[in-house]
Each structure stands twice: as structure tokens, then as C-alpha cells.
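Keep the structure open as you read.

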Amino acid sequence: MRLKDKVALITGSGSGIGKSTALLFANEGACVIVNDLSEEKGVETVKEIEDMGGNAIFIQADVTNPASVQSMVNMIIDQFGRIDILFNNAGISGVGRLHEIEADAWDRIMAVNVKGVFLPSKYALPYMMERKSGSIINMSSCIAEIGLALRASYAATKGAVLALTKSMQVDYAPYNIRVNALLPGTIITPFVEDYLKNSYDDPEEAVEGLKKRQLSGDLGRPEDVARAALFLASDEAKFMMGSPLYIDGGVVSGKNA
Ligand code: NAD
């Protein structure tokens with residue numbers, strides 16, 4: 001029960017890493033606010049949490065929309081009185097070399113992946129500051145540190161999130177709020193499955209290629225990232241501030257010859 005009675009908001013927790021984290025946090029005693037654009041997926045996460053005896057509610061909100069995010073935060077404060085943990089996880093993929101990317105697609109990925117971290121933080125922070133307590137986890141990616149083919153727009157968003165995390169940490173350290181970033185490598189989720197389908201003629205072959213990039217020889221699973229999020233959310237990480245935490249099978253630190 002490492003998160004007993006904590007109130008945790010996880011954006012984009014209807015699927016993949018966010019969903020796995022919602023289940024783990026609930027299992028550790030947190031009351032989880034499952035947020036997603038998709039009502040169907042979010043409600044399913046809540047059902048799975050309730051089936052295992054956990055505590056969760058679903059709030060549909062678009063993390064790119066200020067009114068939608070503000071109303072979500074207000075609902076949480078009305079019902080629970082606080083937000084202890086904010087996991088800014090929602091994100092979308094972007095594929096293509098820079099000259100091939102449409103301006104609208106660029107704006108969309110920036111909106112979801114960067115503004116989607118800014119807005120929930122903006123509206124949750126005053127309540128955390130008031131209580132002088134909080135843990136914010138921002139979803140970056142190991143692509144913030146290394147160049148990968150066909151991922152320019154996505155890389156730009158995740159680099160921005162990492163930079164944002166460090167500066168946020170400086171501003172909110174005086175309020176006892178920790179702000180850290182997760183930098184996963186390739187994790188098998190619907191997000192990666194779509195990316196493989198859209199980018200390669202033979203997705204199976206592409207997966208084998210991706211596996212070779214990891215020192216582990218395999219891709220990650222959502223649970224691998226969820227456990228890192230749990231560490232950052234819990235008091236065990238009280239000396240982690242503004243840190244990038246890699247969960248990448250050694251992609252950034254090593255070189256698989
Ligand atoms: P996923 O597609 O399985 O889940 C993302 C969820 O976010 C979806 O349920 C989607 O509906 C939701 N979402 C999208 N736009 C939203 C919006 N505007 N408002 C609210 N919810 C929205 O993806 P995932 O693989 O679990 O990825 C989660 C995060 O992890 C993303 O930020 C992604 O960039 C990051 N990440 C993923 C990987 C990977 O390999 N899977 C690696 C590094 C980082």
C-alpha cells in the first residue's frame with residue numbers, strides 16, 4: 001500500500017501505460033481519477049479497478065482544451081479536496097521526416113503531448129501549492145535524448161516535456177512539489193502497434209528490428225513503466241527532483257553493436 005489514500009490523476013489512462021499505471025496505483029491504495037478522451041476505454045479501466053476491489057472514477061476530458069481540463073480539476077477538488085499525484089501521460093504518435101509533416105499534424109502533436117502536460121499542471125498546481133505537497137510525473141521518452149528515424153515531430157514534443165519538467169521543478173521545489181520525467185524506450189502498447197502499422201510494410205519484421213535496438217533484446221511492457229511511475233509517485237522517491245528516469249532496455253546508455 002505505497003499510495004494509501006493518495007488521490008492520483010492519470011491522463012490518458014484508458015489504454016497502454018496509463019491504464020497499467022492506474023491499475024497498479026489503485027492496487028497500492030490510491031484513489032485513481034482515470035482521464036481519457038475515450039469514454040469507452042476510460043470506463044473499462046475503472047471497471048477493471050473496481051473488479052479488483054480498488055477505488056476509481058472516470059472523467060472524460062481533452063488535455064488540449066483549457067476549459068475541459070479546468071472543469072476536470074474542479075470536479076476532482078469538489079469530490080476529493082486535493083490532488084496528490086498528477087501523471088501527465090496522455091500522448092499521441094507522429095511519423096515522418098520533417099518536410100513530410102503537415103502543419104496541422106505538427107500542431108496536433110504539440111497540443112496533445114506538450115500543451116497536454118501544461119494544462120493539467122497549470123490547473124492542479126495551485127491546489128498542490130496550497131497544501132505544500134505533490135508529485136507530478138511527466139511523460140517524456142528516450143527519444144528526447146537520441147535521434148531516431150521518422151520521428152522528428154514526436155521527438156520535439158518529448159524534448160520539450162523534458163525541458164519543461166526541469167524548469168517546473170525549480171519553480172515548485174519551494175512548495176515541496178516534486179516534478180520528474182519518465183523516459184521509456186519502446187513499450188508494446190496500442191500506440192506502438194499503430195505506429196508500426198502506419199510506418200512499415202511488414203510490422204512483424206519491424207518489431208524484430210526494434211528488439212535489436214534494446215540491450216535487453218526485447219521490448220518493454222506497460223507494467224515496466226507503471227512500476228517506475230509508482231516509484232516516482234511514492235514517498236520513496238522524495239530525493240528525486242527534476243530527474244529523467246529511463247525505462248528503455250538500455251537504448252540510451254548502451255550501444256547494441
Ligand atoms: P496509448 O495510445 O496506448 O494510450 C494513450 C491514451 O491517451 C489513449 O487512451 C488516448 O485515448 C489518450 N489520449 C490521447 N489524446 C488525448 C487527449 N487529447 N486527452 C485525453 N486523453 C488522450 O499510448 P501509450 O503507449 O500508453 O503511451 C502513453 C504515453 O507514453 C504517451 O505520452 C507516449 O508518448 C508515451 N510513450 C510511449 C512509448 C511506447 O513505446 N509506447 C514510449 C515512450 C513514451
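## A salt bridge to start with

R221 forms a salt bridge with D218, and their closest N and O atoms are 3.8 Å apart. That term stands for a side-chain nitrogen of Lys or Arg within 4 Å of a carboxyl oxygen of Asp or Glu. Across the interface of domain 1 and domain 2, the rule finds 1 salt bridge. On the side of domain 1 that touches domain 2, the residues split into 6 nonpolar, 4 polar and 2 charged.

A quick note on the model: it's predicted, so local features need pLDDT of at least 70 and side-chain atom pairs need 80 or more, while totals for chains, interfaces and linings use all residues. Numbering runs from 1 along each chain as its sequence is written, and side-chain values use heavy atoms, leaving out hydrogens and water.

## Two domains

Where do the domains run? Domain 1 covers 7-185 + 221-247 and domain 2 covers 188-219, with bounds from an automatic or database domain assignment. Their C-alpha centres lie 23 Å apart. Counting contacts (heavy atoms within 4.5 Å), 12 residues of domain 1 touch 9 residues of domain 2.

## Around the ligand

There are 29 residues around the ligand, and S15, D36, N89, Y154 and T189 come nearest; to count, a residue needs a heavy atom within 4 Å. A polar side-chain atom of S15 lies 2.6 Å from a ligand oxygen atom. For Y154, a polar side-chain atom is also 2.6 Å from an oxygen atom of the ligand, and for K41 the distance is 3.2 Å.

Terms used
Ala, Val, Leu, Ile, Met, Phe, Trp, Tyr, Cys and Pro count as nonpolar, Asp, Glu, Lys and Arg as charged, and the others, Gly among them, as polar. A polar contact is a pair of N or O atoms within 3.5 Å; within protein, one must be able to donate a hydrogen and the other to accept it, and residues adjacent in sequence count only if both atoms are side-chain atoms.
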